[in-house]
Amino acid sequence: MNRSLLWLLVPVVAAAVWLVLRFTGGEPALAPDPGDGANTRAAAVADPIEATTAPIAAAEVSRVEATGDAADASTQPPIPDDAIWLDVKVIDAETKQPVAGAEVRWHGSGVWQQIAALPERERMDYYGAQENAARRFGWLTRTDSEGLARVAADKHGATVHALSEGRYGMAYIGGQRDVPKEGWVIEVERDLTLRARVVDALGRPAVAAFVAIRMSDQDDKALRNYGQVRAERAAAPDAVAEFRHVQRWLRSGTSRKRSMEVGHWRVAPELPGVDGPAVEFDVDDPPAEPVELRLPATGRIAARLLHDGQPFTKGVTFQSYRGEENDNDQHNNAPRYYADEDGWARIPFVAVGGSVVVLAQVGAADVAKAVAAPLGQDQEVRVDLATDELYALRGQFTGPDGAWLANATVMANFDFEVMSGGGSVETDAQGRFLWLLTKGYKDSAKIKSLVFSQQFTDGTPARTLTVPPREIQRGVNDLGVMQLGNGALIVSGKLQFDTPQAVSRGWFVVETLSDRRARNGEERWERQDKLTSIVHDDGSFEVRGTTGPVRHRLAFPWGGHLPIAPVEFRVGASDLVIPIQMGHHLEAKVLVDDSVPVHLLRGILRPGFEPPTEYGDEDQMRASRGNRYQAHAWAPQAGEAMLRWQGLPAGTYVLEVAAAGLGTPAARIENVVLPLPEGGDGRLDPIDLRGKLQILEVRVSRTTGETDERRRSRDAVVFAMPQADDQHWQGLPVYEGKLSMPVAPGPLELMVAGSGFQPQRVRLTAEQVAAGKLTVDLVAWPTVELSFPDLALPEGFVLQAFVNPMTQQRDRRRFTALGWGGDLDGLLQMSNSGAEVENGRAVLSVGDGTFRLGAYLQRKGNDRGESLRSVSPREIQGGANLAPIAVQLSAEEIKAAIAKLGVTPR
């Protein structure tokens, strides 16, 4: 997957995760945070053409934006007429007693639209900080003498914060969550705040410096920012950065247990390329006074992005970091800055000396340049970046009436050779837009599909426009004047629920029959993203756009209702009715030891009847994504785990509770009947697993065949043997060399495998399992050195060598490991191996048996290659301690391949 596509998908996936968590009781972040750099990039957004020509102003490093506060009832927004009033009780987390007079703030889902409408610079204060959103856009009340408060939610519920006498708590209530037996409750606990004061090398307050939290394990190895603790800015006048609600870091839901172990917590300036100064602190008892952080000598960078020679300011963020231009880790973690009105962004603190990368980003497009860093304290370096190397589209929209589509947002769904995904463009008063896309990996590309659409919430049919396929080049490509129309009706109808349900639970996709068959010879249906779909509040829906003369159907991948067979329709049908049966809901509480990682628990329902046919992807079902009969546990509080199922058919089930990857369940409950009898099934509240699972700490190291260097595994999988289904193995992935694996007491057999390494089978006695620790060293497959005498290639060409096994039979069994999966032969056998030939030499991995040797020529930066048939020898024998092998190639064939790839050799 190319880099542009990857980052386009991140915000889409983040939004989907947020919606799922909002509706199922999890704890979401506010939204993907471009300020944190926590693995986020903005969606592809095109803006009206905006350029400024004001003179460069002096550097401004003390600007801090204030956050509004709706604390006074007279300043609060009006309560919507369709608000859903909910009672929430605030109790003390320790005593469980009601808290009277607590301050209760909340907001509904509409806050996201309000934040999106803010000036870009102001939005940063709300990403990852939901309390700020409640203070500015939400409402305020206080609990009565019984600890009760009434809050006004919308159909998606409300996010509620409670504060009282140094205590804090928050909860997501309402929406499609089931009301707990005890009602909506917020537990408030001691609220912890960490403050850090930043000064520069001369002792002056470093206002606007970013401060970040760093985590490391017991061995002091740095950990990623898994909790997405956002960086904070040092505020005027004293340059103090404040981290609120420290006690909630790395927690899952309302659990008081952290989701991962951190050996050392440190607070440090977010100064790219500089490790210190970092100050360690006690996360459970941070110091009352601000920690002082002193910067090393720093200068400043002023950067701007030029388009057609003029500063481009709309939607642009700027960063600086140390490293390579394409270093995504540095890019994601570096603080972001906006341009001022004069077009210049001021990056106020940059470590002196060496070089830095300065990067400007607009949506999914970015432009980077390595420049010399400031050389002394307070020196400013000015950097001009240009959009010349980017693909860009511009155009002008009119509506169905021919009038300019002024100041509008138009959605885009696209597939180009250099990137694909979804995004939006914004027009100016004359309907014009400029869309900066990507640098891509080639000078020209084809628009495979591009669909613009304007959607409405008042029932107005969506307006669409399909851009015909065409070639585009680096630079600006003018699409001309384009008229959005209502689009041809593809199909319309109604989703008809058997019980009153939120319409948002109905979701479908449009598929068309492909002219290619699937591997098993069956019909192949492909999802059509070029069409626009809208579902109204009453369940009526319509699909519009342009399509071809092929068979069409609606498919229903969401598992919240009983399975629905795909529905074929004729294009233009307007009376389609889709009956939707919601099925039954089931919930179980599980008691666990604190050491058990709750996220690895699974609840598996085994129907005692022939279940309805499923219509989803079989591999996804096995990985439990979309498997209605398998529930993932989540933790409402320490020592508890919750399992929830929905969309279940009536009947009798066996419920098994097990740890992911283990074949033997820790608990088994017979004759669970749906619908539940009145009063429920007492065996499910709770299911006591305390003492039935323990943790086995598995450490995996890898020994490379070439350098014998030990390093932690990043792609190993641990399987408990024997597997329940020998054709579809279930395992657990090892990350950074470690795995905390829940196992049952007693003897255990494991298979540990990693791509490129020889698998190991390990048998443990009951005593070894009880000891709780296992170390496995994976050894790489043997290697063979290939030499290519007299190989001389023109600049810009590379030779790739590879081997394929000839004698082994491919193992077509499959495995899954918490979302990761594939063919078992990639883990259990030596399959393919390839490497670029450098300085006439390549080292390839081989196993036992006979391997076919091959090579192909390639231009750098291009996926296309030309196979060479003159490779000699064509076969090599695998095994350990192989002597180097000289490989002969035909000079004439190489010359012909170079010419085919587009360059005539001199």
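Strand S17 and strand S24 (residues 380–386) run parallel to each other, with seven bridges between them. This is a predicted model, and S17, spanning residues 298–307, makes a handy place to start looking around. From there, we can move on to an open sheet of four strands.

**S17 and its partners**
- On the S24 side, look for Arg304, which sits opposite Asp384.
- S17 also pairs with strand S21 (residues 345–351), this time antiparallel and through five bridges.
- Strand S17 is mostly covered, with nine of its ten residues buried.

**The hairpin at S17 and S18**
- Strand S18 (residues 310–311) pairs antiparallel with S17 over two bridges.
- Leu306 is the residue standing opposite Pro311 in S18.
- S17 and S18 make a hairpin with two residues between them.
- Have a look at Asp308 in the turn: its phi is positive, at about 55°.

**The open four-stranded sheet**
- The strand order here is S20-S19-S22-S23, and the pairing is antiparallel.
- S20 (337–338) and S23 (365–372) are the edge strands; each has a single partner, so one side of each has no neighbour in the sheet.
- Strand S19 (residues 316–321) and strand S22 (residues 355–362) are joined by six bridges and run antiparallel.
- Within that pairing, Gln319 is opposite Leu359 in S22.

Notes
Residues are numbered from 1 along each chain as its sequence is written. This is a predicted model: local features need pLDDT of at least 70, side-chain atom pairs count only at pLDDT 80 or more; totals for chains, interfaces and linings use all residues. Side-chain values use heavy atoms; hydrogens and water are left out. Buried means under 20% relative accessible area, exposed over 50%, partly exposed in between (1.4 Å probe, protein chains only). Two strands pair if DSSP finds at least two bridges between them.
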